[in-house]
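Hello,

Here is the structure you asked about. My notes on two parts of it follow below.

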Amino acid sequence: MSAHSAVVFLRQALDRAEERAQRLHDELWWIGNVTRIEAFAGDIQFDDIRIHGEGGTRTVSITEAIQRGLLAGNPVDLKRRVAADRQILAEHANDYGDCAACGRPSEETNGRGHHFHEAVPWPCRTVLLLAEAYGWTEEPK
Ligand SMILES: [Zn+2]
């Protein structure tokens, strides 16, 4: 069974996000949660910033800080997000063409007027929105 393009895209994006978070974490450059950033003070060069974090203090150029993604987020937070998104994707799995988790009220009702639930085609809206959050755009039909 071939996967939907949104799901292929999403799986690749999750792998890249996890690798990026791991790289940030492994480079020892990461200093944990940032508590304070200084610039234009004391002995700090004009194009540097001094970052104080739980793991210590580093002075780096503003360019390096941006390139390394320090200001983009804590790798621990990024990894937690990727793990949660993988779980969402796993729970909204392809179940013979329908989403394993989603259902919607059908036209049919029981004797007391309650709607039965019918299956939702896979990939469901949850999976498509998750893929969009990572940059996937729907293909033109
Ligand atoms: Zn679903």
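Helices H1 and H4 are oblique to each other, because their axes cross at roughly 50 degrees (under 35 degrees counts as roughly parallel, over 145 as roughly antiparallel, 65 to 115 as roughly perpendicular and the rest as oblique). This is a predicted model, in which local features need pLDDT of at least 70 and side-chain atom pairs count only at pLDDT 80 or more, while totals for chains, interfaces and linings use all residues. Residues are numbered from 1 along each chain as its sequence is written.

H1 covers residues 5–26 and H4 residues 125–133, and their axes come within 9 Å. Ala6, Val7, Phe9 and Leu10 of H1 meet Val127, Leu128, Leu130 and Ala131 of H4 (contact requires C-beta atoms, placed from the backbone, within 7 Å). By class, that contact has 8 nonpolar residues, no polar and no charged ones.

The other part is the strands. S5 (residues 98–109) lies largely in the open, because the number buried among its 12 residues is 1 (buried is 20 or more other C-beta atoms within 10 Å of a residue's own, exposed 12 or fewer, partly exposed in between).

S4 (residues 94–95) runs antiparallel to S5 and is joined to S5 by 2 bridges; Asn94 has Cys99 as its bridge partner. Their hairpin has 2 residues between the strands, and Tyr96 there takes a positive phi near 55 degrees.

S5 is also antiparallel to S6 (residues 115–121), with 5 bridges, and Gly103 stands opposite Ala119. In this hairpin 5 residues lie between the strands, and Gly113 has a positive phi near 85 degrees.

Regards

Conventions:
Axes are lines fitted to C-alpha atoms, for helices over the stretch in contact, and angles run from 0 to 180 degrees between N-to-C directions. Helices (H or I, at least four residues) and strands (E, at least two) are DSSP runs, numbered from the N terminus. Two residues are in contact if their C-beta atoms, placed from the backbone, lie within 7 Å. Ala, Val, Leu, Ile, Met, Phe, Trp, Tyr, Cys and Pro count as nonpolar, Asp, Glu, Lys and Arg as charged, and the others, Gly among them, as polar. Two strands pair if DSSP finds at least two bridges between them.
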